[in-house]
Amino acid sequence: MFYLVCFDIVDDRDRRKATKILCEYGYRVQKSVFECPRLTERKFLRLRDRLETVIDSLWDTVRFYRLCRGCIKDMEYIGTGGPPKTAAVEVF
């Protein structure tokens, strides 16, 4: 499944930890936005659990958006960057 993950983490140290974790699962497309194109349900749950141990639930937010193949196909962008890296997407 393809996930878009975005976060707002107050503490610099926690933010760096979260970024390091997310880099293991996907591609950074903006400072606090990652595209994770190949997450099985098991990998997603592991990612969510790992991030939950890093953030301060009173101040921080992490959002996970599950996107279907049609949503990804219809995604638009302007400026720098490019379309999502979906060539390797296997599980939908």
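A salt bridge here is a side-chain nitrogen of Lys or Arg within 4 Å of a carboxyl oxygen of Asp or Glu. Searching the whole structure turns up four of them. This is a predicted model, where local features need pLDDT of at least 70, side-chain atom pairs count only at pLDDT 80 or more, and totals for chains, interfaces and linings use all residues. Residues are numbered from 1 along each chain as its sequence is written, and side-chain values use heavy atoms, leaving out hydrogens and water.

**View 1. Glu24 pairs up with Arg50.** The closest N and O atoms of Glu24 and Arg50 sit 2.8 Å apart. Glu24 is in the loop between α1 (12-23) and β2 (27-30), while Arg50 belongs to helix α2 (residues 41-54), so the pair links distant parts of the chain, 26 residues apart (helices, H or I with at least four residues, and strands, E with at least two, are DSSP runs numbered from the N terminus). With 52% relative accessibility, Glu24 counts as exposed (exposed is over 50% relative accessible area, buried under 20%, partly exposed in between, using a 1.4 Å probe and protein chains only).

**View 2. Glu41 meets Arg66 in a salt bridge.** Here the closest N and O atoms are 3.9 Å apart. Glu41 lies in helix α2 and Arg66 in strand β4 (residues 61-67), so this pair ties together parts 25 residues apart in sequence. Both ends are partly exposed: Glu41 at 43% relative accessibility and Arg66 with a relative accessible area of 47%.

**View 3. Lys73 and Asp74 join side chains.** Their salt bridge spans 3.5 Å, N to O. Lys73 and Asp74 are both exposed.
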